[in-house]
Amino acid sequence: MADWSDESTYRTLDPAYELRQLRIFQKMVEKGLIYRHYRPVHYSPSSRSALAEAELVYKDVHVSHSVYVTFEVDKKVPIKNPILQELVSAMPSVKLLVWTTTPWTLTANMGIAVNPEMTYSIISGENGFVGIVALERVTSLAAFLALGTVEIIGNVQGSDLIDIAYTPIFAPLAPTFTSLKIIPASHVTSESGTGLVHCAPAHGAEDYHAFLALGLVSTSKNMICHVDGEGKFTEEVADVVGASATSLIGKDVLNDGSRSIVELLKQVDALVKVQRIKHRYPYDWKTDKPIIVTATSQWFADLEGIKDNALCALGNVSFFPPQSRNRLESFIRSRSEWCISRQRVWGVPIPALHRLDSDQAVLDTASLDHIISVIEKKGVEHWWNGPVDDFVPPALREEGHTTSETWRKGTDTMDVWFDSGTSWSMLREVGFGEGREHLADVCLEGSDQHRGWFQSQLLTAVSSAPADTPSISPYATLITHGMVLDQAGKKMSKSLGNIISPLTIVLGGKDSKRNPAYGADVLRLWAATVEYWRDMSIGPTVLAQVAESMRKIRNSARFMLGFICDNTSFQRVPREELGLVERYVMHELYTLEQTALEGYSSYNFPKVINSLTNFANITLSSLYFDITKDCLYANLLSSLERRAVVTVLEQALTTMTSVLAPVLPHLAEEIHNTRNSDGSSVFMIPWKPLSSEWKNEQAANDMAQLLRVRGVVLLLLERARGNKSAAADPSRQNQKLIKSSLEAEVDIILPEGADRTGLGALLQREENFLKTLFIVSDAFVIDEGSLGTSAPEWLLTETLTIPGSDEELAIRIRPASCHKCPRCWTYTAPTDDELCPRCNDTIKH
């Protein structure tokens with residue numbers, strides 16, 4: 001269903017692709033959207049690289065050892081609020097009680113945050129503890145921390161606590177220390193913890209932004225961080241814990257390092273409680289290892305100035321499902337920057353030059369012009385393997401110094417989402433640019449890509465567009481699919497052993513009974529049947545059900561092929577001469593096609609397939625095929641009735657083939673090749689929709705009324721097949737009345753004086769068709785007054801209310817009055833050894 005040749009596909013590692021990507025990056029640099037900054041980011045020690053939000057997976061079973069610790073108020077520093085100063089001065093010591101799930105970050109503590117709008121209490125416990133916590137947390141903390149009976153000494157507003165000084169938690173271990181202060185922060189709540197939050201700007205985005213807003217951090221020189229690229233404590237931690245640093249240096253902060261911190265907290269008498277908690281935590285999507293938040297120097301794209309344009313560009317994009325628009329737009333609104341650098345040994349470089357003496361980076365239009373020209377000639381690999389001298393432009397060379405003495409090449413690579421996010425740029429080169437508002441008709445990916453590819457395509461397109469042009473999305477329609485789950489609704493994973501390979505479904509497994517070869521069409525049918533915009537389950541039971549649906553569709557096609565392949569030159573019956581049921585089937589076929597055209601245009605494939613299977617199984621197999629078999633097998637080939645049926649079957653198969661071809665291409669080709677021996681493909685034939693003249697609501701309404709009558713007749717026939725007490729003759733009371741419905745005749749008795757404009761008129765008009773509809777040997781529509789006095793051998797009767805009136809018509813079945821025809825098996829022959837009139841006429845011709 002696609003051309004997978006090199007000429008029509010792309011790879012992000014193709015040299016031409018990488019050059020396009022670098023030129024898009026250059027346009028963003030020219031607009032001032034790219035900058036380097038030292039700040040906290042999601043960082044994977046296992047990958048040794050910064051990660052974007054889209055590269056994280058969250059696990060709800062992560063276990064952390066959280067701690068409740070105390071910081072001591074520095075009484076040497078005056079407090080502005082006189083009442084609070086008096087309360088604190090009267091106590092031997094006052095503690096600030098803090099809860100954190102990341103005890104390893106305590107060495108990087110630079111402040112404690114409170115909410116200015118919250119109320120805080122100075123409490124005294126039975127064990128001598130005197131501390132400050134949020135008023136709303138007093139009761140729960142007293143019980144949880146076993147403080148005994150707690151007395152509230154006084155209450156103050158959070159705003160009164162701001163700028164109160166406290167001593168660093170590891171001050172007893174440090175050679176020297178400086179008091180720290182309480183700061184205001186709106187993100188502090190009283191929903192959990194103590195209402196006071198430990199702040200390490202190097203290890204938390206909220207902490208960083210709170211300090212940044214107060215002008216307390218700006219560069220690496222005034223932000224404390226003791227964690228290296230491997231996620232281990234560095235030697236600089238000695239500045240905080242003194243000689244005790246030997247118990248921390250080189251230890252993984254998430255494992256041994258965190259446990260060592262707890263031991264140091266005990267040593268300085270700051271630990272109140274350790275609590276083991278299971279909570280949601282981010283993991284590296286590739287290594288499946290937990291990540292940390294830590295400060296590093298990274299390259300960022302400024303989104304603050306372009307996200308409004310990006311949101312504007314989404315205005316005329318169609319979303320399926322529609323609610324996915326809100327998800328993507330909310331993610332874009334919430335972003336102010338995009339960390340685009342990664343620390344990997346492969347990929348497209350961020351081609352910055354760094355001065356060796358200051359590590360200052362140069363990344364501008366002039367340097368990029370020179371560097372990209374070199375890469376264009378020698379390839380991206382030359383950036384990694386070639387000498388720095390090749391990449392330093394003349395303007396940056398200094399007399400008396402070699403380039404290798406002055407400059408080094410940057411080692412950061414671009415985020416893979418930047419790589420894939422520029423894929424739209426290649427569409428112009430393959431001829432899809434001219435006269436198109438959007439380069440791509442459709443962008444399709446999973447629900448996780450609202451944070452990834454969907455965004456990166458839009459952001460790179462908008463940010464690299466000329467300033468004087470309107471913002472246009474690179475895609476016209478965005479389709480979001482869910483994830484595939486196993487039959488029990490669980491996420492597939494190697495550890496659970498529940499992964500189902502698509503190739504196993506198509507080709508079969510080693511155990512052919514357990515994993516039969518279903519073929520590609522069954523897998524495609526499953527994908528088109530489920531509501532793919534939600535998470536979808538697949539497994540042996542589901543596949544068996546889909547295969548059964550496929551079998552029914554294929555059998556319907558085989559049935560029709562059997563009657564039209566040998567009659568390609570038959571005289572088709574014009575629409576005006578078709579009977580009611582033929583007009584009804586054509587109306588249903590027209591409805592199916594219109595539903596399919598609308599469903600395909602809106603990418604609602606389940607709507608198409610549900611309509612197709614309903615038409616094949618209900619309209620055709622359960623009704624039309626069933627009631628026309630007698631005509632197809634027994635009537636003269638040239639008879640009007642049979643030609644009418646074959647005319648409908650021919651068009652039904654043609655339209656059904658067009659409807660199913662996008663989903664079931666192999667079945668569509670099989671049908672087409674059976675009908676045509678010219679070697680052509682079904683996909684070379686245009687889909688020609690039926691004319692609207694086939695829409696016939698009157699036929700649909702008439703058939704709905706007749707099918708209601710048919711339902712009562714079928715109920716009576718079923719009763720006759722199993723009834724053992726309805727016979728008038730006592731000797732037959734232990735016998736089934738009929739084995740086949742053809743052994744019966746039907747009388748529909750209209751009440752005297754009944755309205756003949758509704759159902760009654762319809763029954764009389766279609767009287768000759770009723771025996772076909774009911775699959776009986778004959779059917780009669782009579783008045784009550786026309787009933788004879790003769791009593792049949794047995795009789796079953798039911799009534800049916802006439803729509804729009806209080807009157808009822810009677811429906812009765814009785815034994816057929818003639819003999820069984822040995823050719824067509826209907827009970828319409830004058831004697832047992834004679835053919836019925838129809839068969840007799842057919843044989844003669």
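Select Gly158 first: setting aside neighbours within four places in sequence, Gly158 is in contact with Val114, Asn115, Pro116, Met118 and Tyr120. The model on display is a predicted one. Gly158 belongs to helix 4 (residues 158-161), and this glycine is buried, with a relative accessible area of 0%. Gly158 and Leu196 are 38 residues apart along the chain, and their C-alpha atoms are separated by 9.6 Å.

Next, select Glu593, which is situated in helix 18 (residues 580-601). Which residues does Glu593 touch, not counting those up to four places away in sequence? They are Thr655, Trp687, Lys688, Pro689 and Leu690.

The tour now turns to charged pairs. The structure holds 39 salt bridges. One of them joins Asp359 and Arg408, whose closest N and O atoms are 2.7 Å apart. Asp359 lies in the loop between strand 17 (353-355) and strand 18 (361-362), while Arg408 is in strand 19 (residues 407-409), so the pair ties together parts that are 49 residues apart in sequence. With a relative accessible area of 31%, Asp359 is partly exposed; Arg408 is also partly exposed, at 28%.

Move to Arg575 and Glu576. These two residues form a salt bridge in which the closest N and O atoms are 3.7 Å apart. Is Glu576 buried or exposed? Glu576 is exposed, with a relative accessible area of 63%, whereas Arg575 counts as partly exposed at 30% relative accessibility.

Select Glu718 and Arg721 next. Their salt bridge has its closest N and O atoms 3.3 Å apart. Both residues lie in helix 22 (residues 697-722), three residues apart, which is about one turn of the helix. Arg721 is partly exposed, with a relative accessible area of 27%. Elsewhere, select Glu55, Arg342, Arg344 and Asp415 together: salt bridges that share partners join these four residues into one network.

For a surface feature, select Glu752, Glu784, Asp806 and Glu807, which form a negative surface patch. Glu752 is located in the loop between strand 25 (744-750) and helix 23 (759-765). This glutamate has a relative accessible area of 47% and is partly exposed.

Most residues other than glycine have a negative phi, and most peptide bonds are trans. Select Phe320 and Pro321: the peptide bond from Phe320 to Pro321 is cis, with omega near 0°. Pro321 lies in the loop that runs between strand 14 (318-320) and helix 9 (324-333).

Then select Arg48, in the loop between strand 1 (34-44) and strand 2 (49-50). Although Arg48 is not a glycine, its phi is positive, at about 55°. Arg48 is partly exposed, with a relative accessible area of 46%.

Finally, where is Ile775 found? Ile775 is in the loop between helix 24 (767-774) and strand 26 (778-783). The phi of Ile775 is near 55°, a positive value in a residue other than glycine. At 23% relative accessibility, Ile775 counts as partly exposed.

Notes. Residues are numbered from 1 along each chain as its sequence is written. This is a predicted model: local features need pLDDT of at least 70, side-chain atom pairs count only at pLDDT 80 or more; totals for chains, interfaces and linings use all residues. Side-chain values use heavy atoms; hydrogens and water are left out. Patches are made of residues with over 30% relative accessible area and no salt bridge: like charges are joined within 9 Å, nonpolar side chains (Val, Leu, Ile, Met, Phe, Trp, Tyr) within 5 Å. Accessible areas come from the Shrake-Rupley method with a 1.4 Å probe; for residues, only the protein chains shown count as cover. A salt bridge is a side-chain nitrogen of Lys or Arg within 4 Å of a carboxyl oxygen of Asp or Glu. Lys and Arg count as positive and Asp and Glu as negative; His and the chain ends are not counted. The place of a charge is taken as NZ of Lys, CZ of Arg, CG of Asp or CD of Glu. Helices (H or I, at least four residues) and strands (E, at least two) are DSSP runs, numbered from the N terminus. Buried means under 20% relative accessible area, exposed over 50%, partly exposed in between (1.4 Å probe, protein chains only). Contact means heavy atoms within 4.5 Å.
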